[in-house]
Amino acid sequence: MTKREMTCIICPMGCPVTVEMRGEEIASIRGNTCKRGAAYAEAEVRHPERTVTSTMRCENGGILSVKTDRPIPKAKIMDCMSLINAHTVKLPVSIGDILLSDVFGSNVVATENKS
Amino acid sequence: MYDVAIIGAGVAGGLLARTLAAYDIKICILEKESDVAMGSTRANSGIAHAGYDAEEGSLKAKLNVRGSRLMEQVTKELGVPYRRTGSLVIGFGDEDRETIEKLCARGLRNGVRGLQVIDGEEARRLEPGLSDSVTCALYAPTAGIVCPYELAIAAVGNAMDNGAELMLDFEVNHIEKKEGHYEIFSDACGENCCENLQKPRKVCARYVVNAAGIYADEIARLAGDDSIQIHPRRGEYLLLDRECGNLVSRTIFRTPSKKGKGILITPTVDGNLLLGPTSVDGEDKEDKATTEEGLAQIMARAQENVKNLPLRKVITSFTGLRSAGNTGDFIITSPKEGFINVAGIESPGLTAAPAIAEYVAEMLAGQGLALKRKEDYQPFRKPVYAFRNASVEEKNEMIRRDKAYGRVVCRCETVTEGEIVAAIRQNPPARDLDGIKRRTRAQMGRCQGGFCMPYLAEILAREWGVPYEEITKSGEGSEISVCRTKG
Amino acid sequence: MTDLVIIGGGPAGMSAAVAAYESGIRDILILERDAQLGGILQQCIHNGFGLHRFGEELTGPEYAWKYEKQVRELGIPVKLNTMVLSVTPDRVITATNEEEGIFAIEARAIILAMGCRERPRGALNIAGTRPAGIYSAGTAQKLVNRKGYLPGKSVVILGSGDIGLIMARRMTLEGAEVKAVCELMPYSGGLARNIEQCLNDFGIPLKLSHTVVEIHGRKRLEGVTIAKVDENRRPIEETKEYIPCDTLLLSVGLIPENELTLQAGIGMDVVTGGAVVDQDRQTSREGIFTCGNVLHVHDLVDFVSEEAAVAGKSAAEYIRGESGQECDIPIGADGKIRYTVPQRITKRKDITLFFRVADIYRNVKINVVGDGRVIHSVRKPKAAPGEMESLLLKAPLFEGVSKLSLQLEELG
């Protein structure tokens, strides 16, 4: 039996969660105070994911704040950054506009308006 | 060919340049740093001393008292804040009282006006914040406070407005005596741009004044004079928030004793409270680091003198290097025809500086420099308008003339973009963030530039026409960013 | 005469404006010193905002836009690039901008929503040189996220406040190496999720009970000396360690920006650094309200918005003359509870008390004590200084009580 301790990051409560593993099987999840916490803990063990936020170069020389519109595999964060850094945004853009699609299962979208 | 080359753009060199700029001669100021007022002038107590400290008959005594009398007019013409606040040397017990009596007598012989020995109660009436253990004090009403770097910046600026030339990043490495003039060489590349400059850079001048502060001994040696030794005397300071500026209204000195002159507590012209300096003889002329011990010492000593010091209100600490000479007096000498040392300008050097300028101008005249008054000499320097001190009418007038005065950039000190731009366009121009700070006070308040620094860098980049990533804190090598994040 | 002037167009100011509008006030003016609304949110491009308020995870600019859109749609007037220079006790505001010069506005009510600033290096008195490369975390955040410049390539962060943690990740993502985060206290002041996501994800060590004791480098930062501290927070000599780095970020506390509040002669709370307020967020000066980080530093913008809505609604009631004082009950804190907001109750209605604890506690009871008697208790499995707590106090509970105090009981 192996134990994994983590802090749930679903909400700002930051519950300390302990997952007990029996081989590949999850034996127990403790410490969470909601169902989403259990789901998070399971995901953290099996396939951890993160939303990436950064900035992208604009064609006018400025930068634009962006994010992935859903979490991507944690192991792909730096690869995602490379794609973000290689792209130049055409203006104007509005919040939510897709700037890069199909990035590790998500889209990179604008998080601010810019003209 | 220049008539006079002044090495060093501190307060002594700056005021000398300004004095000489009144005459029909060609002047240049050679400064090894990337801005003026970067040596001893940058970090000292900012006191215009009354003149009781120096030994009777010394140059220090004579020039201090004279400088103290000139200070009011000089600062008025240059638009530099100066306040005749008075000072107190406080004593604890009989031994101190004896010393204070001696200081008073010496001061009177030096020609200081208005000196008085008062008892502890009277001292506390003047300064209610003083420690209850104070038993006596020397009251000197003619002492004052002045901002040393603002004085030097304004002096150099006014000299430039009247035709003097300032060469920055000009570290003097070599001096040659020729027939009737000197050749001065610098191996350093200049003004952030090496390609177009011939190396070594060379300046020819008929007269040379060595006002190189802590490096004055090395400059003297380049001219063949081995008699001077200067060592850096480190002095650490703590600056407290403006909230504490009213704790004392005069400069408070401790009675000098075998242990030294002690820690002073003084309001500054900007309304802050300054504590310090420590006094440690060092070797390294570039070591301006503060130390844990030094800062702890200031706090401990200052608390002996003034009650309820709010030491949590410290907003910054810094170290100054005083140019301590080997004679105990100012070293103003001419070892060679046409070469004058202005060395060992330690306390009361700031106060004496206007008088030193007069004195050296006379020496130069004595060596044959023709001092013919310029007809269009302008003694008044147009100050950078301080928005925060202006009346509502004046503020509106400023904004009407230039909208940039309606944009407050530094919120802690209420400094507008108009003032920042003026400081960049005026002589001597601000080229980096510290230069802006010393000229306008932007970044000098509570947040220490946390909010406005990125904007100031933008204004600097725009005004100088350089990329943002080339903007520095204080000259080349102190860039505030390393690259663009997105190429 | 303007009904309501709001100083600050960040999350607090915008939320207060919207709430006042929704409570029927139309003559509202927001004064904002920046070129756009949103305040500090504009540079907080990371996600994690809005879970409480909107039930979705937003970035700072997205959260700000939700409110800005409302302010625009409601047609609430805003003066941007406008700096307030003074506020008098009788509610005269003097401000300046480039179009109008210096101008004065008389207000029936004012809401102070100026936010907070970061504690700078000088306040820490770290020995050493003063080179380039030392920034408060928020300044670095502005450089990276708004201006697009990387302050340095190898970074040490002092203080584990949230902005410091967030910047550890941002600098890493943008190509810098973050060598360590040093925290003077034996625990972090930041949110647990940030430690997990910003440090642990990238293998950045969090050194608790450590501080920076010396700064090295003449022109640009070359390195720092760090040391472990003892229980009195004094550095232990033999644990000193030199870390080469070109950047030091400071995340060592936020200070409410209350210069205008002080000018108006408003009574202050020395613990929060903000004004003393009642449940309506009204200060000791009638008609002057305050909310958001200028009142007390929050850890979540969602709570700022909620608090500001209270202030906006209350200001509306005040303007309509509906707000009379019904009682005056001061609320104390026992030390283990550092502070409460509000600090006094003037109306007999249900009240949410916000508070922070002074240390890390497990298994505690928060007792509300009225005139020496426990009138209400809440159990908490965990309480930490970094996370603001709250409890609901129903009006009947403090009926007839003259003095309240919040006390923390350790259950062991």
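**Exercise 1.** How far apart do the C-alpha centres of domain 1 and domain 2 of chain C lie?

*Solution.* Start with the bounds, which come from an automatic or database domain assignment: domain 1 of chain C covers 1-117 + 254-324, domain 2 covers 120-252 and domain 3 covers 325-412. Next, take the centres of domains 1 and 2 of chain C: they lie 31 Å apart. Then look at their contacts (C-beta atoms, placed from the backbone, within 7 Å): five residues of domain 1 of chain C meet seven residues of domain 2 of chain C.

A word on the model: it is predicted, local features need pLDDT of at least 70, side-chain atom pairs count only at pLDDT 80 or more, and totals for chains, interfaces and linings use all residues. Residues are numbered from 1 along each chain as its sequence is written, while chains are lettered from A and ligands numbered from 1 in the order in which they are written.

**Exercise 2.** Which element gives the largest share of the side of chain C that touches chain A?

*Solution.* First, 19 residues of chain C are in contact with 19 residues of chain A. Helices here are DSSP runs of H or I with at least four residues, and strands are E runs of at least two, numbered from the N terminus. Two or more residues come from each of helix H3 (60-74) and helix H6 (192-199) of chain C. The largest share, five residues, belongs to H6(C).

**Exercise 3.** Which residue stands opposite Ile329(C)?

*Solution.* Strand E22 (residues 329-333) of chain C pairs with E24(C) in the antiparallel sense over two bridges; pairing requires at least two bridges found by DSSP. Across from Ile329(C) you will find Ile345(C), in E24(C).

Notes
Two residues are in contact if their C-beta atoms, placed from the backbone, lie within 7 Å.
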